[in-house]
Amino acid sequence: MMKLGFIGLGNMASAMIGGILKQQAASAEDIIGKALTEATENKIKERFNIQIGESNAQVAARADILFLAVKPIFFPEVIAEIKDAVRPGTLIVSIAAGRTLGYLKEAFGREDCKLIRCMPNTPALVLEGCTGVCAEESVTEEELKHVLTLLNSFGRADVVPERLMDVVVGVSGSAPAYVFLFLEAMADEAVAEGMPRKQAYEFAAQAVLGSAKMLLETGKHPGELKDMVCSPGGTTIQAVKVLEEMGLRAAVMDAMEACIDKSRNM
């Protein structure tokens with residue numbers, strides 16, 4: 001069995017490890033990780049019973065597939081620490097926004113490492129993640145398929161051209177925050193109208209969950225699904241009218257544009 005290494009054991013790495021183990025894509029004994037703090041390492045060790053490395057370099061040396069799960073600002077120091085420890089042919093998978101394959105290739109300064117870039121999102125914590133993936137030319141179809149199997153263990157993973165990876169950040173990587181903001185606003189108005197807050201969150205969340213599932217499972221255009229809810233002279237069309245007057249679509253598009261621009265310029 002291939003050894004999986006994780007440098008960084010934060011929320012995203014934890015979500016990925018949880019999904020991989022739950023779907024039996026790998027066993028705990030085949031996963032080794034390293035975090036910045038001992039407290040984080042103990043927490044992950046207790047939760048998943050994976051191995052904890054003595055150093056980032058040791059994790060890198062033992063891994064067949066190495067996930068770089070640290071924040072982008074820490075990439076220079078982490079890569080400097082591990083680049084000579086990585087074995088030839090190791091698949092290096094970055095989950096950081098704004099760090100291109102070109103950046104990774106230059107930072108590692110080696111021709112015998114195989115680089116993959118992906119952008120997961122936090123719903124991976126509940127096995128409903130969405131991950132965009134791109135790889136350099138040296139990665140074989142079989143190797144990419146193996147990584148996709150791991151990424152699909154906690155949601156959906158699709159290959160995209162690298163030029164679209166910043167768009168992936170905007171449309172899925174950062175998108176849970178937009179949805180949570182929308183859910184919070186929905187619940188706030190329900191509370192204002194007398195509904196208990198816990199119940200308001202549950203109703204709003206289930207409505208969004210069900211709506212997303214309808215879109216994915218029916219394959220219908222979102223406009224068509226929206227029209228199905230808007231009865232003539234009914235309540236829903238009045239709400240839609242207000243959202244259109246307040247510029248909901250433009251606000252979402254402008255927010256995503258700002259997110260994508262930030263990712264491009266990191």
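In which helix is the place of Met228? I found Met228 in helix α10, residues 222-229. I note that the model is a predicted one.

**Surface patch.** Together with Met214 and Val229, Met228 makes a nonpolar surface patch of about 280 Å².

**Ser263.** I then turned to Ser263, which lies in helix α12 (residues 248-264). Ser263 counts as buried because its relative accessibility is 3%. I listed what Ser263 touches, leaving out residues up to four places away in sequence: Ala97, Gly98, Asp166 and Val169. With Asp166 there is a polar contact, side chain to side chain, at 2.6 Å. Both Asp166 and Val169 are among the buried residues of helix α7 (residues 165-173). I noted that the buried residues of α7 pack against α12, and also against β6 (114-119), β7 (129-135) and α8 (175-192).

**Salt bridges.** I recorded 16 salt bridges in the structure. One of them joins Asp30 to Lys3, with the closest N and O atoms 3.8 Å apart. Asp30 sits in the loop between α1 (11-22) and β2 (31-34), and Lys3 in the segment before β1 (4-7), so this pair ties together parts 27 residues apart in sequence. Asp30 is buried at 10% relative accessible area, whereas Lys3 is partly exposed at 22%.

I also looked up Glu217 and Lys213, which form a salt bridge at 4.0 Å, N to O. Both lie in helix α9 (residues 197-218), four residues apart, about one turn of the helix. Glu217 counts as exposed, at 61% relative accessibility.

Definitions and conventions: Residues are numbered from 1 along each chain as its sequence is written. This is a predicted model: local features need pLDDT of at least 70, side-chain atom pairs count only at pLDDT 80 or more; totals for chains, interfaces and linings use all residues. Side-chain values use heavy atoms; hydrogens and water are left out. Helices (H or I, at least four residues) and strands (E, at least two) are DSSP runs, numbered from the N terminus. Buried means under 20% relative accessible area, exposed over 50%, partly exposed in between (1.4 Å probe, protein chains only). A polar contact is a pair of N or O atoms within 3.5 Å; within protein, one must be able to donate a hydrogen and the other to accept it, and residues adjacent in sequence count only if both atoms are side-chain atoms. Contact means heavy atoms within 4.5 Å. Patches are made of residues with over 30% relative accessible area and no salt bridge: like charges are joined within 9 Å, nonpolar side chains (Val, Leu, Ile, Met, Phe, Trp, Tyr) within 5 Å. Accessible areas come from the Shrake-Rupley method with a 1.4 Å probe; for residues, only the protein chains shown count as cover. A salt bridge is a side-chain nitrogen of Lys or Arg within 4 Å of a carboxyl oxygen of Asp or Glu.
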